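This report describes one protein model, part by part. Please look over the sequence and the structure before reading on.

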Amino acid sequence: MAETINVLFLASEAEPFVKVGGLADVAGSLPAALRNLSPKMTGGTLLDVRLVIPLHRVIQSESSTLLPVIEFPVYRRGGNLIAQVFERSLDGAPVYFVTGLPFLTATSVYSSDSRQDLEKFTFFSLAALELTRRMGWRPDIVHANDWHTALSLYALRSRRGDAFFAHSAGLITLHNLPFMGGEAGETLASYGLTPVNDETLPRWARTQPLPMGLWAADAIVPVSETYAREILTPEFGCGLQDFLRARADSITGILNGLDVRAWDPQNDKHLAAIFNADDLGGRLENKLALQKKMGLPADARVPLLAVVGRVDEQKGLDLILHALPRLADRPWQFVLLGTGDPKLEAAIRSLQARYPERVQAVLRYDSALSHLIYGGADMLLMPSRYEPCGLAQMIAMRYGCIPVVRATGGLKDTVQEGKTGFVFTRPDVDSLLEAIQRALSVYASAEKWRRFQRNAMKQDFSWTRSARQYALLYRSLVPETG
Ligand code: ADP
């Protein structure tokens, strides 16, 4: 009989329940991809992967489909807090939703008040771990994602003497190193957690959730091979590069996959017309529908450039804002869908005011519109300063929207210059400009452009390969039985 590995998969957000960024895509699709791996692909192992996420307020509003499972106390100085857990199934697997006092007072998934987030996610990490004991379901692997759930690994390590968790290993996927959770000394103390007592971690990091989780993890998984190397350098290591270098043996880069069912140009209800690599006709209809929707002149020939993503300095939007006016003597249009930094949002608005016939931005979250952009725009600009993996460029390629990206992290690992996209190295306006110009020149030849589109659309970004890498890593962390 095949051996089963139990995996407790923890994340702060997951599709289709709640999404802020790429983490939700991953948490919403990797658990199912892991469960669906055949034992042949995993060397005879079955994976029982169970996703646990917080019951954020946006989910609470549609909670009629959730079944109450269990309630139990979580230690907190001055009075235990009650964790309430609900369940529903997704693709045949159970998903658990945890709530309690810290979530009842929070209005958004992430807050600008770091103390509120520390309180929420510390509570969540501890409650999710305790849930397994209450259910009598022993996790062989606790799989955390980013700072929000990192403390589950720290708590796990502190509980090695506890027979229930004695053989549980901890793995953390690192989607974004700079977000560490902040100084958490007080919150940790109120939940009975002590700071890391080990000099391999810089002093400032010993009371921050992400470094504590990295320290406690048996395996660290950055979301691309290039990012796995980059975080060992001072430029990308955020002060943890020496610690991470010392842990290099435990670090394995694994690229995120895409939910290829949710992102499929042949079956996408948000598109004006479906299409595929051999018949790109529908793309034109989508482009015209997109131009119309955005209030831009409908013109099939003008190259339509796009951005979908968080409006953040990380994404290099300032480079785009400086580059586009320098291309004013050539025809192009630009659409942007995203929210974030108010200063950058204001700069986008003023570019739109300067070029109302060319630039239109929608500064909100809009999943349906994002599909139409991928399916209708000609190019996706992603000049990120750093990009651990990046999903938008993979989605774009799957939809024949050619990415123009900076060679960093997962962008470097997924986009091939001259074949599936355009890649530049230095994070400056001139380099971006050159790459856009290269793209525009190729765009001028319909035949050459179609070749790029076909190459891009034929890339395999499904989870299969990466899920298998995770499965093998899980296996290497679980002690041999029998
Ligand atoms: P990050 O995780 O850094 O935000 P990724 O490229 O990995 O960036 O993933 C972003 C995901 O969120 C993609 O699926 C993208 O389509 C989606 N997205 C980002 N902003 C928006 C928005 N304003 N509306 C709809 N989808 C968005």
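## The six-stranded sheet

In the order β11-β10-β9-β12-β13-β14, 6 strands make up an open sheet with parallel pairing. Strands here are DSSP runs of E with at least two residues, and helices are runs of H or I with at least four residues, both numbered from the N terminus. Two strands count as paired if DSSP finds at least two bridges between them. At the edges are β11 (359–362) and β14 (422–424), each of which pairs on one side only. Direction ignored, neighbouring strands of this sheet are turned by 20 degrees against each other on average.

Strand β13 (residues 402–406) pairs with β14 in the parallel sense over 3 bridges. R406 has F424 in β14 as its bridge partner. Helix α14 (residues 367–376) packs on the sheet and touches β9 (304–308), β10 (333–337), β11 and β12 (379–382). Its direction makes about 145 degrees with that of β9. Such angles run from 0 to 180 degrees between N-to-C directions, with axes fitted as lines to C-alpha atoms, for helices over the stretch in contact. Helix α17 also packs on the sheet, touching β9, β12, β13 and β14, and its direction makes about 165 degrees with that of β14.

## Basis of the model

The model is predicted: local features need pLDDT of at least 70 and side-chain atom pairs count only at pLDDT 80 or more, while totals for chains, interfaces and linings use all residues. Residues are numbered from 1 along each chain as its sequence is written, and side-chain values use heavy atoms, with hydrogens and water left out.

## Nonpolar cores

The largest nonpolar core has 77 residues, and those with the most contacts inside it are L290, F334, I373 and Y374. Its largest share, 9 residues, comes from helix α17 (residues 429–443). A nonpolar core is a set of buried Ala, Val, Leu, Ile, Met, Phe, Trp, Tyr and Cys residues joined through side-chain atoms within 4.5 Å. Buried means under 20% relative accessible area, exposed means over 50%, and partly exposed lies in between (1.4 Å probe, protein chains only).

Which residues are in contact with Y374, leaving aside its neighbours within four places in sequence? They are W263, R283, V308, L380, A392, I395, A396, Y399 and C401. Contact means heavy atoms within 4.5 Å.

## Two domains

The domain assignment gives domain 1 (3–257 + 464–477) and domain 2 (281–459). These bounds come from an automatic or database domain assignment. Taken over C-alpha atoms, the centres of domain 1 and domain 2 are separated by 32 Å.

Between the domains, 18 residues of domain 1 are in contact with 15 residues of domain 2. The area buried between domain 1 and domain 2 is about 1,300 Å², and carbon and sulfur atoms give 60% of it. Buried area is the accessible area (1.4 Å probe) that two parts lose on being put together, summed over both.

## The eight-stranded sheet

Another open sheet has 8 strands in the order β3-β4-β5-β2-β1-β6-β7-β8, with mixed pairing. Its edge strands, β3 (67–74) and β8 (219–222), each pair on one side only. From one strand to the next, the twist averages 25 degrees.

Strand β1 (residues 3–10) pairs with strand β2 (residues 45–54) in the parallel sense over 8 bridges. Opposite N6 stands D48 in β2. Helix α1 (residues 22–35) packs on this sheet, touching β1, β2, β5 (93–99) and β6 (141–145), and its direction makes about 155 degrees with that of β2.

## Single residues

T132 lies in helix α5 (residues 114–135). This residue counts as buried because its relative accessibility is 0%. Leaving aside neighbours within four places in sequence, T132 is in contact with L8, W137, P139, F164 and F165. In the loop between β1 and α1 is P16, joined to E15 by a cis peptide bond with omega of about 0 degrees.

D91 is not a glycine, although its phi is positive, at about 50 degrees. D91 is found in the loop between β4 (81–90) and β5. Is D91 buried or exposed? At 52% relative accessibility, D91 counts as exposed. C238, also a residue other than glycine, has a positive phi near 55 degrees. C238 lies in the loop between α9 (225–230) and α10 (241–246), and with a relative accessible area of 31% C238 is partly exposed.
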